[in-house]
Structures are given as structure tokens and as C-alpha cells.
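Q: Could you take a close look at one part of this model, the packing of a pair of helices, and then connect that part to its surroundings? Please spell out each cut-off that you rely on.

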Amino acid sequence: MQTAAELSFAQRLLTLIMKRVSGPLVIMEVCGTHTTAVSRYGLRPLLEPLRLLSGPGCPVCVTASGDLDRMIALAGSGAIVATFGDLLRVPGNGTSLEQAQAAGADVRVVYSPLDAVRIAAENRDRPVVFLGVGFETTAPGLALAVKQAERESLGNFYLYSCLKTVVPALQALLTGDAPGLDGLLLPGHVSSVIGRQAQDFVASVHGVPAAVTGFTESDILLGLAAVILMIEKGEPGVVNAYPRVVREAGNVTAQKLLSEVFAAADAEWRGLGSIPGSGLTLRPQFARHDAALHFDLPQPQPAQQAKEEPCRCGDVLRGAIIPPECALFAGRCTPLYPLGPCMVSSEGACAAYYRYERKKGAVPA
Amino acid sequence: MKRVLLAHGDGGLYAAALLKTLFLRYFNSQELARLSDAALLPAVEGRLAVTTDSFVVQPVFFPGGDIGKLAVCGTVNDLTAAGARPLYLTASFILEEGLALDELEAVVASLSATAEACGVQVVAGDTKVVPRGQADKVYINTTGIGLADPRLVLGAERVTPGAAVILSGTAGDHGIAVLSCRDGISFRTPVKSDCAPLNRLLESVSPYYPAISWMRDPTRGGVGAVLNELAESGAADIVVEESLLPIRPEVKAASELLGLDPLYLANEGKMVIVVDENVAHNVCSALRAHPLGRDAEIIGRVEKGNGSVWLRTRLGGTRAVEMPAGLPLPRIC
């Protein structure tokens, strides 16, 4: 929060919300960055009895364990593997990219996919694989990277796409056995690409009021206030509480870029299972950059999946539990020894709860 | 361009030439000039403080400093935080074959100038050369010797509820400055590293030494880590007010973009000082009167508790400030 005006606005919103909340309303913040922000701003205790649940909006967290195993196998294949830093410590089947790196794999952390293209240009004799994990916000950057590699004839640049789209996941969440949700906070960054109106179905089909919102305290409180007013009136809608960034139709240029480079495909989500049409895979004209087609990758082993059952990241991602309700939380599973991705990712709900909300009460007034 | 050769580590003529044409030109110490195997230092009255630190920062030159300046500041600040006045330094260089001699000279010049500026003598040194690829340009180890100031009695056991926690300036500048010029990450920011020796700054609050109970320079792990160390070892809670935390808007913006928390970003020219609440404002004003303490703030208080650090947000919420886990940025110092 930068200014006194913003602080006073946030305080007024908080008062407005608390005047109207008498029972335990449940609102899901779909996006992992929202979960982290809510924890970091210390909002949850201020909003009680309102309950905020985190959802499936942390891209690293929803990456299926089979995909993680394949990424680690890629790192062990001799290829240069470029990735966002978030993935480094995520545990796969008993190991991680960080461990593979320590054992000699060439893993490079980049902040932009274009840096991976540059690495490919500097190492034309070696395959360079970018691990594409993310939603519609990340995907356009990857589309640009693939086009750039194509333009520079970099046959050694590959994308391992675990990219996912939010709308099919929201549909799966709202039609599945999700806990009774009174409202949703919709992801601000993703909405800047897909637009507000693409999410109208949340209210029109499922009758759940929702607000697209940003990431400051006042953004989040504004979104919550909007949802609570809609609940009060019994008039569900999908409102834009982040108009300084999000447009009705979204970013059409980015959407065109996405459909030029990627096609929708079925994708496996941790916690939500396989969701039809929820993944982004490279179109045939870019097939030579598709790591899934060019590397011999291990098939997921049923035994491996059984092994990870005790970790309840999947339940956290569906809003079925909050992190402290997992038996492993803060005991066997900590940021130092994470057993699931939600404890590692900077957008992970378990990491946010561990970091900011593990210790309860006892705050001197 | 002249470069460091493996031969410069021969212990013979090449090594001697490097010593004479480069190192001795910058280090004005009679002890060094004797070129004996060990420095002989005059006896001092009082307790000695000794600390050692190795510097592997990448890149070697970063906005606001370089590995030479950092190698002095890091060790001088450790001595200062321990309540000692820094007197002597040793400097040991591990050089990568192929390092441009111009770059080495710039590092040595910077190390020498920084040592001189804070009144510390470099009295012993060493160089080794390793084959190309086995080090990254230059690593430096410095060992510092200081004289403990008897007026400063520091320790977590001396920290009592009610004491004020002062941060001598803005948090996170070094972390963002180094990160901004990292290969693969680089972004434009006006933020410079805060890398600076703090012994003179501390001298500016010497009238209040008896009221200071604890100090630490928040380098790796940032302010968040040192506050946790204090809370855990003193078995008290620390409550930090978000509204009082000095953080540059550029650091805040870059941190948000990169998903980092300025509380965990490294500093190389800041001190966390725990002081009796009655003189906290005087200490803060004295710090602010010094150029390196202009942005000093009382950021929070020590409270009764069991070893937790809390941040009270501007909206009135509270959340824990945990010990950081894992390295968000390797090789920042």
C-alpha cells in the first residue's frame, strides 16, 4: 500500500465488508497470488467469520506429478533445461530439479522464456528445453519464445508444455464436488488476457457471484465487497473490480498469439484430475519445438502416484481443506523439506499459510 | 589485454611481479611491505574480536559496488555488529586464470580505498590462481581483527521487552541491485547496492552504547532472518510495524515483480540495533545525522513472547515473519 488515501480506502472497504458479514460465508480466491497476498497482508483474521479458501490457481501446484517426473527426466537427459525458479525445489518422485542440478544436470533459472531462446542460440549443438508451466498470463511469453526460436531456426529449442487454461478448470471446479462456495475472487492477471466476459458463466450458469480483482489490499477488499453485496442482494454476477488492468474482452493480441501457437488439449491437474481442453499444446507447425514429441519421457507409474497420496495438495487446490488441515503440514512437510508443490511455490497455499499464518494468536496488541 | 595466468600462482617471479606491480601499489602497510610470512601486530589493551568471511558475489561489479568493496564492508560490518572497532584486515584472493588484470586492479583498488576510508589496515594477504572454469573470476576471503569496545555489551539475553528495534536505513537494496544485473534475469532499476562500511556510522551513536543490547548486520536472509535469530535466541517476540519499515519504492516494485519479500533481501550497509526505548529516538536522530543512516527508523519493538517475529500491516492485520528457507538468490555476497 503506497498512499494514505489508499489506506483509508482499504479501511472503509473493510468496515463495509464486516458490517455485512454475519455468518461463515465461504469465498474462494482462485489464484495463488491472491492466496499469498491475503496471507501476507494478514487479512484472514481481520475478515472472520468470512472464510477465504484457496483454489487451483497456482500453476506450479496444479502440475501433475507425472509431468514433474518427466521434467526431472529431461534434466537428466543431458539437455539444458531452462525454467522459472519456482519449479526448482518442487518434489517429484523422491527427487527434484534442484537435486538433479546438484548431481550435474544443466538446469538454468530464467525470468523470461526469451532468455531460454538466447541460451539455445548460444548452444546450438545442445538441446535446450524450456519447462512451460503457467496459465494464460505466462503462455503468451512462451508463444513469443517459440516464434522467436522458429525465426532464428533454432531447431534445438524445445518447449515442454504443461500450460493450462483457467476457464475449463473453473467449470470443473464448479460442477465437481467442490465445497459450497458462496463466491469467487477471479484471477486478475489471467483475466487481463482472457477478459472479464469470458468468465460470465460462473454466475450465469453456476449462480455463483464473482469478482475479477487485483493484488493490493484494497484490490482484494474491493473484490470481496463486490461479491458480498451481490450475495446480499441475491443477484450473482461477474464484476470487474480490477478495471485498471482488465478489459471486457481481455487482451485480443495475446489471445490471437495463443491461438496461433497453441491448440487446446486435455491436461492432467493435480487435485482436479484430467480436464478436457484445459491444456495448451504446440500446434503442428511448431511441432519441431515440442519436447514431448522429441524426447523419450517416462510414463507415469501407478506406484509413484500411490506413494504421494499422503500429501493433500490436491485437496487444498480444490478448496476441500485448508493447509493446516493436512496431517503433514508444518510437521513432516515444511519449506525446507517440502512433500508437495503447494509448500514450495511462491504462490502455493501451504507455503503462504506456513510462512504467514502458521503461528496463531499470541500477537501482542 | 593482460590477463591472470596460471604462472601468476607460481610462488616465484610471476607471483612476485603481481604482488609488486599490483597489490603493494594499493596497500600501504609496513607489515605487508616486509613480505614476511606473518604480520606482527602491536599489543593492544582489551578484548580482540576476530571474524572471517568469503566473498563470491556474481557479478563481480554491480551497481553501487564490487567484490573488493564488499569484502571490506562485510567483514568490517561483522566486527562492528559484534561491538568492536575494526583495526586490521587480511585479504586472500582466489583468481581464475584468464581474469583481466584491469579488472583485478579495479577490485584491488576498490578494496584498498574502502579499507582506507574506514580506517582499517590490510596487514596480510595471499593469492592463488586456479585453472579457467574452476572459479568465477575472483573470490576473496577477508579476516578482520577488531578491538571490542567495553561500553558495548551485546547479547540476546540482554534484550528485554519494550526495547526498540532500529533499522539504520532502507531494506533490500543490495539484493535488488545484484539481481538486476544477473545474467538471465537482468532488468533496469535505479537501485544501487547499499554496500558500505558501518563502523563510522556506529561511532556516531557512541554516547548511547550502554543502552544498546544487540546488533546484527542483516546480510544474507535480510532483516527477516536476523529478527528471527534475535527472537529465537532471546525467547521474546518482535513486532515490526509495516508502516515504519523503510523500503525504497523501486525495491518494493522490483520485489513485487519478482515475487520476493524485501524483508528477506540482502543488505550490505545496514544495521539492526536493539536499544533501550528511552533513548531510541535519540539514537535514531544520531543515525540520521550520518549520511549512511539518513533513512534510519524505529521499525518495531521487542515484546514478551516465545520467539516469533510478527509484522503488523498498515491495515491492522498481523502475520508471521518466518525464517527464510532456501536461497532466493545465490551468490549475492
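A: In this predicted model, helix α1 (residues 4–20) of chain A and helix α12 (residues 217–233) of chain A pack at an angle of about 25 degrees, their axes lying 9 Å apart, and they are therefore roughly parallel to each other. Axes are lines fitted to C-alpha atoms, for helices over the stretch in contact, with angles from 0 to 180 degrees between N-to-C directions; angles under 35 degrees count as roughly parallel, over 145 as roughly antiparallel, 65 to 115 as roughly perpendicular, and the rest as oblique. Helices (H or I, at least four residues) and strands (E, at least two) are DSSP runs numbered from the N terminus. The crossing of α1(A) and α12(A) is left-handed, a term for a near helix turned anticlockwise from the far one by less than a right angle, clockwise being right-handed.

On the α1(A) side the meeting residues are Glu6(A), Phe9(A), Ala10(A), Leu13(A), Leu14(A), Leu16(A), Ile17(A) and Arg20(A), and on the α12(A) side they are Glu217(A), Ser218(A), Leu221(A), Leu222(A), Leu224(A), Ala225(A), Ile228(A) and Glu232(A). By class, this contact of α1(A) with α12(A) has 11 nonpolar, 1 polar and 4 charged residues. Residues are in contact if their C-beta atoms, placed from the backbone, lie within 7 Å; Ala, Val, Leu, Ile, Met, Phe, Trp, Tyr, Cys and Pro count as nonpolar, Asp, Glu, Lys and Arg as charged, and the others, Gly among them, as polar.

The contact between the chains takes 30 residues from chain A and 20 residues from chain B. The elements α1, α2 (32–40), α3 (43–47), β4 (107–109) and α17 (349–357) of chain A each supply at least two residues of the side that touches chain B, and α1(A) gives the most, with 4 residues. By class, that side of chain A has 17 nonpolar, 4 polar and 9 charged residues.

Two of these contributors, α2(A) and α17(A), also pack against each other, at an angle of about 5 degrees with their axes 9 Å apart, which makes them roughly parallel. Their contact is made by Gly32(A), Thr35(A), Thr36(A), Ser39(A) and Arg40(A) of α2(A) together with Ala349(A), Ala352(A), Tyr353(A), Tyr356(A) and Glu357(A) of α17(A), and by class it has 4 nonpolar, 4 polar and 2 charged residues.

Chain A also holds an open sheet of 5 strands, in the order β2-β1-β7-β8-β9 with parallel pairing, where two strands pair if DSSP finds at least two bridges between them. Its edge strands, β2 (51–57) and β9 (238–240) of chain A, each pair on one side only, and neighbouring strands are turned by 25 degrees against each other on average, direction ignored. Strand β8 (residues 210–213) of chain A is joined to β9(A) by 3 bridges, the two running parallel, and Val212(A) stands opposite Asn240(A) in β9(A).

As for the conventions, residues are numbered from 1 along each chain as its sequence is written, while chains are lettered from A and ligands numbered from 1 in the order in which they are written. Local features need pLDDT of at least 70 and side-chain atom pairs count only at pLDDT 80 or more, whereas totals for chains, interfaces and linings use all residues.

Definitions and conventions:
Contact = placed C-beta atoms within 7 Å.
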